[in-house]
Amino acid sequence: ERIRLPGPILIIKAHSQRGAGDPCDLACYPFGQRKVLSTDQAGRNFLYDADTRDVAAMPKFHKPKLRRCLSLFVPSGGDGEGDDREGGCGGSLYLMVRELREVKRYKIEVRQPSMDFEVLFYGNGRTTSHCKRLRLPPFVLEPIHQNEYPEIRSYAVVGRGCHICVSVDGRGTYALDTARYTWSKIGDWTLPFHGKVEYVPELKLWFGLSGDAQHLAAADLSDMDSQPQLVGGPWKELDPPDEWKECKDPQFVSLGSGRFCIARFFQEAAGSAGDEVINENVAVFTGVEVKSSGTGKEVQMTP
C-alpha cells in the first residue's frame with residue numbers, strides 16, 4: 001500500500017549572520033514524543049511542539065551539533081514519563097559526535113568536559129534550560145591504528161534512563177551514568193545493532209537495525225553481563241528492485257507502541273548522456289508494526 005505524505009505544517013531554515021552567500025546548515029533531532037529540536041551552523045536551537053505548533057528559542061550549544069551526531073532523549077522521570085511542570089515532555093537531549101577524531105591529539109583534554117559531547121536540559125522542574133558539556137568515553141585514549149578513527153556504531157538508553165550505552169567497533173561497549181556523568185566499560189563486545197536503538201516498553205525489548213544487513217531486529221538489553229543476542233528476526237521489510245542500489249545508511253525512527261518508520265535511500269540508473277551515467281535518487285519510507293506472538297519474548301513484524 002502506498003500513501004501520499006501530507007504537506008508541511010512548518011518550514012525551518014538556517015540563517016546566516018554574515019549575509020547572503022555565507023554557508024548555512026541545519027539539523028533536527030527528536031525531543032521526546034511530540035517535539036523536535038532544530039539547530040543551525042551557529043549552534044542556535046529552536047524547539048518545535050507538534051501538538052501546539054509553538055516554536056521556542058532554546059539555549060545555544062557550545063559547539064554546533066549538525067550531521068554525524070548521535071542523539072538520545074532521556075525523559076526527566078527516566079522511565080518514559082514526562083514532566084508537565086514546564087510545558088511537558090521535560091528531559092535531557094544528549095548529542096555526541098560519532099567520529100571522535102580531534103580528541104586524540106589532546107589526550108589531557110579527554111578527562112575534561114568536551115564540546116563534542118553536550119546535553120541540553122529542558123523542563124525538568126528543577127533548573128532552567130541550559131547546555132552542559134560532558135566528558136568523552138574513555139576509548140578515545142586508546143591508540144589509533146592506520147588512521148582509522150573510532151566511530152560509534154550503535155547507541156541506546158538502558159536501565160530506565162539511568163545509562164546511555166554506546167558501541168564502537170574494535171573498542172567495545174561503554175555506558176554513561178546519567179546521574180554522575182561517569183563512564184564505565186561494559187565489555188569488549190558490541191551491540192548487535194547499527195545506529196540508534198529504541199526501547200518498546202509494551203514488549204520489553206529494544207529494536208533497531210541489525211549490525212550486519214541492517215534489517216529490523218530486536219534484543220533484550222536489560223542484562224548485559226554478556227553480549228546481547230537478537231530475539232527473532234532480523235526482518236526484511238522491503239524487497240527493492242535489483243537495479244536499485246542503496247547509497248547511504250537507512251534511517252530508523254520509532255513512532256511509539258511498537259510502530260516504526262524505516263527510510264531507505266537508493267540510486268537507480270535512469271539513463272545516460274554520452275559517457276556519463278545519470279542516476280536517479282529514490283527514497284522509500286516503510287511503516288512497520290511489531291507485536292508479541294504471545295509466547296515468551298517472541299515477536300512478529302507486519303509491514
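Strand 11 is largely enclosed by the rest of the structure, because 6 of its 6 residues are buried. Keep in mind that this is a predicted model.

**Burial of strand 11**
- In a regular strand, side chains alternate between the two faces of the sheet.
- Strand 11 is covered on both faces: Gly172, Tyr174 and Leu176 are buried on one side, and Thr173, Ala175 and Asp177 are buried on the other.

**Pairing with strand 10**
- Strand 10, residues 163-168, runs antiparallel to strand 11, and the two are joined over 6 bridges.
- Within this pairing, Ile164 has Leu176 of strand 11 as its bridge partner.
- The two strands make a hairpin with 3 residues between them, and Gly170 in the turn has a positive phi of about 80°.

**Pairing with strand 12**
- Strand 11 also pairs with strand 12 in the antiparallel sense, here over 5 bridges.
- Asp177 has Thr182 of strand 12 as its bridge partner.
- This hairpin has 4 residues between the strands; Tyr181 lies in that loop, between strand 11 (172-177) and strand 12 (182-187).
- Tyr181 is not a glycine, yet its phi is positive, near 60°.

- Lys204 is another residue other than glycine with a positive phi, near 55°.
- You will find Lys204 in the loop between strand 13 (193-200) and strand 14 (205-210).
- Is Lys204 buried or exposed? Lys204 counts as exposed, because its relative accessibility is 56% and the cut-off for exposed is over 50%.

Note on methods:
Residues are numbered from 1 along each chain as its sequence is written. This is a predicted model: local features need pLDDT of at least 70, side-chain atom pairs count only at pLDDT 80 or more; totals for chains, interfaces and linings use all residues. Side-chain values use heavy atoms; hydrogens and water are left out. Buried means under 20% relative accessible area, exposed over 50%, partly exposed in between (1.4 Å probe, protein chains only). Two strands pair if DSSP finds at least two bridges between them.
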